[in-house]
Amino acid sequence: MLMFMVVNAQKTTVVEVAETQKITSEKRQPNQQFGWDVDIDKDFIIVGSPSYSTLKQKNVGKVELFKKNNTGFEFHSKILPQLIYRDINYGRAVEIDNAIIAISSAKNSVSLQNDITINSGMIDVFNFKNNILKRQTLLTFKEATKAYGRRLSLSNNLLITKLPPLKNEFESKVLIYKVNDRNTRIYKEITINSTDVELFGQELDISKNRIIVSANNQVFIYEIKQDTIIQEAILKQDKTLNFGNAVAISGNYAFVTCTSKIPSYFGREVPKSDSIITILKQDENGSMKTIFEPYTSEFNYGNKTILGSPTHILDSAQAFAKMEETQAEKMFVYKRTNGKWKLYQELTSNKRTPFEFFGNNIDIKDSLCVVGAFSSPITYEFNNMNAYAGAAYVFKLGSDGYWSLTKKLVPSKREYWTKFGFSVATDGKSVVVGSRFDKTDLDGLNSLENAGAVYYYEFK
């Protein structure tokens, strides 16, 4: 009988690595959030900035391509949506693979003056050959929600995304498109025939002929075989919350993360109290903002607008205990052997800590796996206010068939509230990491609020 051993990454010596190159938008602007999503393929890096605004419209979004030359990556071109309108958030998800580019916006429907409706969720597909971008636009169904296109994955001319339930329906689907130069079309659909499986397709990945899809604390693995979709496995972890927060698959390995749930108060000042209540309050200029007040069962809140139920504030000991109880801040690795998927390893950062959000985003190619942790602390003192500095962790597949943590990626200038590691990608030889709230330019100067940046790491 073949035995599987659980290995933890803490036993490996970890080297902290600063970036090879910092990349910023061609024309930086405040709150652009350059690096919300990122991908890399051969000599190109693609970056989404969903909060980019034009002179007339807010949050239009844009996508930028950077091409590698002898000195590093330089700006190559930008891509804007065909129709410019407010809050489209173009570039929320970006993918590039073998001269194919996919870009999505995942916002609410907008009715234009000429009665044309841009449906919620839209994906543009480009064939990028000879420096020419040929666009095809995939529009979702009118009744679909804004989650269409929230996640994309490309491999071998196949593109997958989630289609949320249509009007008067309860089932989510994963759509598989076959991409070609003339007509990108739906090739297959994956549907779960049970209303008990919520959020099917919340995270997904495709690699060659295998697809991994997460749902409500469940993960499904499929194989495309002779134009047939075959379900290979359903993965679960009892007593584990947020199982399937991010997923990735490559060859005979599947990766599933389990992050902490972000408390509503995380990174904000809270009163010295065991429990708080969240209140919506109007300030002097008429705008609304949320504030926290100590909660007592006897207190009369009058006509204040209360948001949700009272929230318990975790101290350090409670936060660590809750992390252990829910198995948070872990990545579960499954291996396929003799046609069966079994738990193979459990991996963590070099110092597992509450609210690091280890595994908020992952990517794998060949023998390299990169894991984002967009709130990895600068110092490991538990402090609610010291939030969102971030890091990314690189795991390598050894000759013994096990994955081990080898590098912790950080920017040369670490700051709180930059969300470094919000997006990550690898081509198997190098890694890119998005830092959507990064404020400074290439020299670490000229601060612009939430302008964003991307960091490139080359491994030789």
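Before you start clicking, keep in mind that the model is predicted.

**Stop one: Gln21**

You will find Gln21 in strand S2, which covers residues 21-23. Is Gln21 buried or exposed? Its relative accessible area is 19%, so Gln21 counts as buried, the limit being under 20%.

Now show the side chain of Gln21 together with Phe73. The Gln21 side chain comes to 2.8 Å from the backbone oxygen of Phe73.

**Stop two: Phe128**

Next, select Phe128. This residue sits in strand S11, made of residues 122-129. Phe128 has a relative accessible area of 9% and is buried.

Which residues does Phe128 contact, once neighbours within four places in sequence are set aside? Display Phe44, Leu65, His76, Ala99, Ile101 and Leu133 to see them around Phe128.

While you are here, draw a line between the C-alpha atoms of Phe128 and Asp181. Along the sequence these two are 53 residues apart, and in space the C-alpha to C-alpha distance is 9.8 Å.

**Stop three: the second largest pocket**

Now move to the second largest pocket, which holds about 380 Å³ of space. Its lining has 19 residues, and those closest to the centre are Lys261, Pro263, Leu314, Lys322 and Phe355, so selecting these five is a handy way to find the spot.

Then colour strand S25 (305-312) and helix H1 (316-326), the elements that each give two or more residues to this pocket's lining. Which of the elements gives the most? That is H1, with four residues.

If you colour the lining of the second largest pocket by residue type, expect ten nonpolar residues, seven polar and two charged.

Finish with Cys258 and Cys369. Cys258 is buried, at a relative accessible area of 0%. Cys369 is buried too, with 0% relative accessibility.

How many disulfides does the model contain? The count is zero, because a disulfide needs a pair of cysteine sulfur atoms within 2.5 Å.

Note on methods:
Residues numbered from 1 in each chain as written. Predicted model: local features only at pLDDT ≥ 70, side-chain atom pairs only at ≥ 80, totals over all residues. Heavy atoms only, no water. Buried < 20%, exposed > 50% of the residue type's maximum accessible area, 1.4 Å probe, protein only. Polar contact = N/O pair within 3.5 Å; in protein donor to acceptor, adjacent residues only side chain to side chain. 1 Å grid on protein atoms, 1.4 Å probe; cavity = no way out; pocket = protein on both sides within 12 Å on 5 of 7 lines; lining within 4 Å. Points joined across faces, edges and corners; volume = space filled by probe spheres on them. Nonpolar A, V, L, I, M, F, W, Y, C, P; charged D, E, K, R; others polar. Contact = heavy atoms within 4.5 Å.
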